Amino acid sequence: SGEPPQPLTPLPASPAGRSRGAIISQYYNRTARLRCRSSRPPLQQLCRTARPSLRQYDLETDPTRATLEDKRRLLVKELLSLLPSQRRHLLLAVPLSLAEKQLNRQELSRQKGPQRQHSQHRAPSSPCRGFMDHIALVSPGRGSAQCRGSGAGSGLGALPGLSPQGCRGLWYRLLSLLPAAQPWHYALKEIGGRFGSSVLSYFLFLKSLLMFNMLSFLILLVFVVALQAAYPPASASPQPFSGLELLTGAGYFTHSLLYYGYYSNVTLNDPCASCPGGSTCALTAPRLPYNMPLAYIFSIGVSLLVTCVLLVYSMSRSFGESYRVGSSAGDLAIRAFCAWDFKVIQRRSVKLQCENICTQLKELLAEQRSRACSRSLRQCLGHGAVLLLAWVLSLGTVLGCTLALSYLSEHLHTRTWGSGRWQQEAILLVLPLVVSLLNTLMPHLYNLLAMWEQQDSPVAQLYVAICRNLILKMVVLGLLCYQWLSRRVVCSTAECWETCVGQDLYRFVVMDFIFALLDTLFGELLWRLILEKRLKRKQKPEFDTARNVLELIYGQTLTWLGVLFAPLLPAVQVLKLLLLFHIKKASLMRNCQCPSKPWQASHMRTVFITLLCFPFFMGAAVFLSYTIWSVRPSETCGPFQGLETIYKSVKTWVQVLEKSNPNIAWFTWVHQHLVENPFLLFFVSGVLLAVVYFNIQVVRGQRRIIRLLKEQITNEGEDKTFLIEKLHSVYEQRER
């Protein structure tokens with residue numbers, strides 16, 4: 001106690017009572033333990049830094065009795081074996097004074113020179129390390145040093161030229177690039193930052209539809225289309241390609257893999273079909289014959305089942321993400337003080353994040369403002385009368401469109417037209433042209449009705465627009481399905497009605513895409529030029545989320561309806577969605593402005609997925625199920641020709657399977673009592689609805705618990721205020 005204190009004892013940057021020797025010793029011991037550890041924890045258990053924080057260790061005692069200079073040399077030696085990013089991070093984290101850190105850096109710089117000269121005579125570094133250095137990263141690498149102890153010669157470290165340190169760091173950095181590798185990652189962030197969550201919900205929904213169609217296309221391609229292309233049937237010579245087939249789907253495409261009529265009803269890779277006698281069939285028969293009718297119906301069923309499961313999963317997941325369990329009362333403070341990401345360093349990303357936070361604040365303020373406004377009784381009655389009249393007009397227009405389409409379809413079906421090729425091709429496009437024209441013009445009429453209604457909340461305005469467009473499209477699709485099932489369809493060939501329906505659906509999909517492009521051109525680009533050049537207004541049109549989303553749902557429903565009659569229709573839909581994304585994004589950035597009434601679309605993705613699942617997907621599933629179980633297929637074409645129904649092929653296969661192997665009689669029982677029994681369909685539907693219902697109830701229960709906890713916190717705060725007031729009164733009485 002009588003000795004004078006050391007000149008380096010006080011540490012301005014460290015807590016009181018902790019010496020530099022203890023800190024350096026603890027850092028050295030921990031570094032050595034980490035480097036000599038044989039096994040590392042899983043990636044999901046690692047923290048943001050490769051080394052634990054200094055606060056996790058007890059630095060009050062010094063386990064070693066070495067001098068301060070020896071400990072500093074050991075620390076410098078350990079720092080030299082680390083990566084430059086790890087070295088900088090550790091030097092910044094050490095709670096030493098600036099003078100001590102400067103001495104350590106000088107010591108490091110002095111020892112770097114001999115180490116470089118020594119490393120030139122060593123073996124070349126790991127190929128993973130060399131490749132890792134060329135990867136552009138957002139955050140610095142956080143790999144750990146290679147162990148030099150007993151574990152240095154085990155595993156990959158024993159292989160020449162392959163370092164586990166470099167490969168591990170490469171793996172961590174590749175994992176950090178996974179979010180950026182998602183399709184349209186930066187484009188979606190840019191759209192959300194500039195236009196808000198309402199416009200972003202359209203592009204997220206388009207991305208989900210693209211994933212569904214790609215999955216269906218891959219299933220049909222692998223199990224149906226590719227195998228039929230490998231064993232093409234003997235068909236008539238195809239017509240010459242003229243280019244008009246891209247619009248009509250007829251001509252050259254009639255006898256191709258695109259439609260139902262091209263696929264054969266035989267077992268592929270089976271020579272028994274060509275053998276007149278059965279003597280050589282058993283000797284030359286392959287081990288894996290492929291039944292095309294079964295593959296056709298099972299592939300379509302599996303693709304629809306997988307789509308249904310993904311839809312239900314997306315819907316249940318979106319309930320937890322969009323319907324937030326808490327209220328938005330404190331979101332303004334969270335967005336203002338906690339929303340900034342300090343890892344963003346690029347100027348473009350910083351600007352994008354600023355726009356995103358500003359848009360979110362506008363949405364929250366607009367939502368609170370819409371809740372605060374109220375109307376008088378007279379205003380409510382007048383507004384209700386306007387809403388009633390607007391709904392009567394909208395439903396009247398739907399009825400008029402339905403009658404017009406029914407008359408046009410009957411007229412096209414019964415009247416005889418000329419025999420010229422161009423005239424026949426033009427007749428094929430009349431009904432899709434009229435339907436797409438109505439689907440494009442009627443939403444603009446509904447927008448005029450919405451302007452007349454003057455809804456205060458943009459959310460309510462969007463819901464009303466969705467309901468009106470939904471009713472129109474459901475009625476139109478129901479009328480078309482009735483005509484297709486009754487076989488009243490204008491077709492280029494009379495021998496295969498399934499191919500005729502597939503061609504009709506192809507024309508509807510193509511015409512819907514063409515009118516989407518025309519609406520983008522005239523409704524956004526041309527209108528912007530008129531506003532800027534002629535009217536001299538600094539205003540641009542707004543992006544109509546409801547109409548565009550309903551157009552996506554309409555096109556996707558056409559694809560599901562046509563997957564039985566045109567197996568390659570999901571591929572056409574994938575190409576259409578890819579083009580739509582880039583065209584809509586370019587038009588949005590150049591021709592549209594931010595919503596005049598910002599609002600938070602936190603529930604929109606759930607609403608879109610729900611509308612896609614229940615009215616449209618379930619309707620398409622009912623249509624296809626009725627076609628498979630009840631409608632008689634064509635007699636001269638397709639994989640099910642000559643059968644009473646499409647489902648009859650499955651029953652025939654089950655009977656043949658039972659006769660060939662009596663040991664699997666249980667499979668026949670399962671097919672008879674489960675598959676053919678309609679109770680299974682109702683049971684599965686009930687389970688899906690129960691899953692959705694339970695998710696909703698869980699979210700509601702969480703909200704109720706959070707509300708009770710907030711009330712409890714409020715009561716505790718009031719109790720503390722009451723106690724403080726009582727204490728003040730007691731102190732005042734004592735002072736008196």
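Close-up 1: C496 counts as buried, at 4% relative accessibility; buried means under 20% relative accessible area, exposed over 50%, and partly exposed in between, using a 1.4 Å probe and protein chains only. This is a predicted model, where local features need pLDDT of at least 70, side-chain atom pairs count only at pLDDT 80 or more, and totals for chains, interfaces and linings use all residues. Residues are numbered from 1 along each chain as its sequence is written, and side-chain values use heavy atoms, with hydrogens and water left out. C637 is buried too, with a relative accessible area of 6%. The two form a disulfide, with their sulfur atoms 2.1 Å apart (a disulfide is a pair of cysteine sulfur atoms within 2.5 Å). The link of C496 and C637 is right-handed, with 95° about the S-S bond. C496 sits in the loop between α17 (458-485) and α18 (497-534), and C637 in the loop between α21 (604-630) and α22 (648-660), so the pair ties together parts that are 141 residues apart in sequence. Helices here are DSSP runs (H or I, at least four residues), as strands are (E, at least two), numbered from the N terminus. Searching the whole structure turns up one disulfide.

**Close-up 2: two other cysteines.** C380 is partly exposed, at 39% relative accessibility. C467 is partly exposed as well, with a relative accessible area of 36%.

**Close-up 3: F205 in the largest nonpolar core.** This core has 109 residues, and F205 and W484 have the most contacts inside it. A nonpolar core is a set of buried Ala, Val, Leu, Ile, Met, Phe, Trp, Tyr and Cys residues joined through side-chain atoms within 4.5 Å. Skip the neighbours within four places in sequence, and F205 is in contact (heavy atoms within 4.5 Å) with V549, L552, I553, F608, I609 and L612.

**Close-up 4: the largest cavity.** About 160 Å³ of space lies in here. A cavity is a set of points on a 1 Å grid over the protein atoms alone where a 1.4 Å probe fits but cannot get out, and lining residues have an atom within 4 Å of a point. Grid points are joined across faces, edges and corners, and the volume is the space filled by probe spheres set on the points. Of the 14 lining residues, D512, A516, N548, E551 and K584 are the closest to the centre.

How values were computed: On a 1 Å grid over the protein atoms alone, a cavity is a set of points where a 1.4 Å probe fits but cannot get out, and a pocket is an open set with protein on both sides within 12 Å along at least five of seven lines; lining residues have an atom within 4 Å of a point.
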